[in-house]
Amino acid sequence: MKKILFIAFTSGVVSLFSQNYNTNKFHQIDELLPTPNTYRNAAGGPGHEYWQQQVDYEINVKLDETWPNPTLTGSEKITYINNSPDILTYLWVQLDQNIFLKNSLAATTGSDDKPANMSFEELGKMIDGKFDGGYKNLKVKDSKGKDLKCVVQGTMMRVDLPAPLRSKQSFVFSIDWFNYINNARIFGGRGGFEHFEADGNDVFELAQWFPRLCVYDDVEGWQNKEYVGRGEFALEFGNYKVNITVPADHIVASTGELKNASAVLTAEQQTKLTAARTSKAPVIIVSQDEAVKKEATKSKEMKTWTFEGRNVRDFAWASSRKFIWDALGVNSGGKTVMAMSYYPKEGNPLWEKYSTHAVAQTILTYSKYTIQYPYPVAISVNGPIGGMEYPMICFNGPRPEADGTYSEGTKTGLISVVIHEVGHNFFPMIINSDERQWTWMDEGFNTFVQYLTEKEWDKDYPSRRGEPRYIVSYMSSDKSTLCPIMTNSESILQFGNNAYGKPATALNILRETVMGRELFDFAFKSYCERWAFKHPRPADFFRTMEDASAVDLDWYWRGWFYGVEACDISISNVEWYKIDSKNPNTEKNFLKEKEKSIPESVSQTKNKTSIPVTRIMDFPELKDFYNSYDPYNVTDYDKKQFDQYFNSLSKDDQALLKSDKNFYWIEFDNVGGLIMPLIIEIEYTDGTKEVKRIAAEIWRYNNKKVAKLIMTDKEVKQFVLDPFQETADIDLENNAYPKKEVPSKFQLFKEKHMRHNQQEKNPMQLQKEGRL
């Protein structure tokens, strides 16, 4: 609505004070964060007395692939170095394989769905679920071979020390064990084996396979929270030397560097590996033909592969005679990193074409945004595990159809999972957060940088997470199904959205909308550099981002990480004002036109015929001056008055009065509760557009309602809030003034449903059939 505005006005934010201090979303979050100390400073970095433990391992392990019950037999020597200022009287060891015990916490506390839809694998597990999991024949001894007192508590084991372990002292002990390997296709897990009925061979992916020390730190003491499957791992850095004995025709992929290549690889394979270091494309080290030949022979001999990994927090490996193997040298900061993939023939042609390239791109992009990749190799392995990560090696599941074709979703699924799992080398394998406590600190960060990597793979890459619009459905969920990002890993609702999607989106919005790329990238990289090879906590991240950018983000952490409210900001009202120029020719004409624009009322219309004669028509003498007076007629007196007023003004004031500016007073309602910046697209009547950005601090006095006065040279046709969908606003229908129509939910569902029904086969298959 257009109104006359007198020249005396105050532009800018209209202050609507009604905010209670205790509910103000700009209230600082100091009380939510631990007090800084000499171990973790107020800037978000390690303090001058920061410490962490070190654990070194020497392991011998043997794989017996005898079907149907393959086994691992292992022996490890552990050197535990106490860098803490504390005296320790016991150590806690993780026994992750005990999750497969029938009476484990994971097995007995899961909530089951109704059996309306059940896979054959799930039914088979219920009926034939006789897997004899868990560690067997555990023997724990000191360096002199004397038994140590131990207490097993589920997936944890307390090792009582024969004498107190003082600061800067080390303790050496050994653990022997035996366990059956789970069929991952039937019993699940983060590692295991996959059996191929067609050729009678297996692919083994071994993870959480050896007893590992728990973290002892300045925040938790011992992180010995039970492993029940979802909350992943907290581990100390150390040096590994691992001897892996497998059938002689197996190829082994592993954490660390291969130290006895001449004993386990042919001369030709070694030559190809050397060539791969400087090749511009992946080099096949073991071909598909070679792998197929070995599938039929099945050697009974054994070989031992020796790997060493320095400054790693874990160790995983894979083994199979089915493996095809390719490699590519990647120049990362002047150092060659070997990007490699291992996969059975069932993975081709998809794996040979894309896996190693995805590994290489991940190393390059992550090194740019975090820290330079420090390890000598980065490996992607295809097997039964859909996606799982370890230092220098990861397991990824997507494969093409049996005929070699694949859908676009399968293709991008493979590329994305490789990027994601290789990216975990940075979060949490190097920037070593506590996964058992905070899933988002590795999955969320990793999903965010995965999004950046996918865009450097292809600018039009169909990323599933990262864009704000992709999290809208989750953010608009019923509040009873939501929980804050700052929730323990085992208590998270809607796990994928909460721990992966929402934090990744929050970081992307910080980068693109709140902070800007330059400030964000510097602060994020600072966090990564500060906490590489250390144990960061949420407060360390929050503090570093503010410390390195000079941007107060407490409101953002409170809303996105500690809350469950959604962004739903509406334009509730717009009023249009013009300056009262005092010029009677202009202003009286404006008022005249305004009066003419008022529609005739229904009574006025009917009265034209129902009242043919009025009293003043019968008695003309009742008319006076006002019956013929035209208030909009410009008189000489009006002109004289204006001339006197105008000439009394300074030249600058005269120019202001003559300016034909438009003023729009816009009210915004925070319907959803989540504080976010205002991004306003202004479309003018001449078809041009501009965008104004207002920082979230506009809400600091009133979290529910604010207003802004915007001045323009041209008349506005429409205002649109969040035009690029960069704030995850859950309701676009209230974002425009005048209202802008958007497709309904029914229409969107119908379009998706029709597309799904029209495509029963993937496009590659349709092309082969001549239907495309």
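Mentor: Let us begin with a term: a cavity is a set of grid points where a 1.4 Å probe fits but cannot get out, and its lining residues have an atom within 4 Å of a point. Please keep in mind that this is a predicted model.

Trainee: How many cavities of 30 Å³ or more are there, and which residues line the largest cavity?

Mentor: Rolling a probe the size of a water molecule over the atoms shows where empty space is left. Here the count is four cavities of 30 Å³ or more, and the largest cavity holds about 60 Å³ of space. Its lining consists of Val 215, Asp 217, Glu 220, Gln 223, Ala 234, Leu 235, Asn 432, Ser 433, Asp 434, His 535, Pro 536 and Arg 537, which divide by class into four nonpolar, four polar and four charged residues.

Trainee: At what angle do the axes of helix α7 and helix α12 cross?

Mentor: The axes of α7 (residues 350–369) and α12 (residues 517–531) come within 8 Å and cross at roughly 100 degrees, so α7 is roughly perpendicular to α12. Ser 367, Lys 368 and Tyr 369 of α7 make the contact with Asp 521, Phe 524 and Lys 525 of α12; by class, these residues are two nonpolar, one polar and three charged.

Trainee: Which strands stand at the edges of the open sheet of four strands?

Mentor: The order is β29-β28-β31-β32, with antiparallel pairing. β29 (689–694) and β32 (736–737) stand at the edges, each with a single partner strand, so one side of each has no neighbour in the sheet. Strand β28 (residues 678–684) is joined to strand β31 (residues 716–721) by five bridges, and the bridge partner of Glu 683 is Gln 718 in β31.

Technical notes. Residues numbered from 1 in each chain as written. Predicted model: local features only at pLDDT ≥ 70, side-chain atom pairs only at ≥ 80, totals over all residues. Heavy atoms only, no water. 1 Å grid on protein atoms, 1.4 Å probe; cavity = no way out; pocket = protein on both sides within 12 Å on 5 of 7 lines; lining within 4 Å. Points joined across faces, edges and corners; volume = space filled by probe spheres on them. Nonpolar A, V, L, I, M, F, W, Y, C, P; charged D, E, K, R; others polar. Axes fitted to C-alpha atoms, helices over the stretch in contact; angles between N-to-C directions. Helix = DSSP H or I, 4+ residues; strand = E, 2+ residues; numbered from the N terminus. Parallel < 35°, antiparallel > 145°, perpendicular 65-115°, else oblique. Contact = heavy atoms within 4.5 Å. Pairing = 2+ DSSP bridges.
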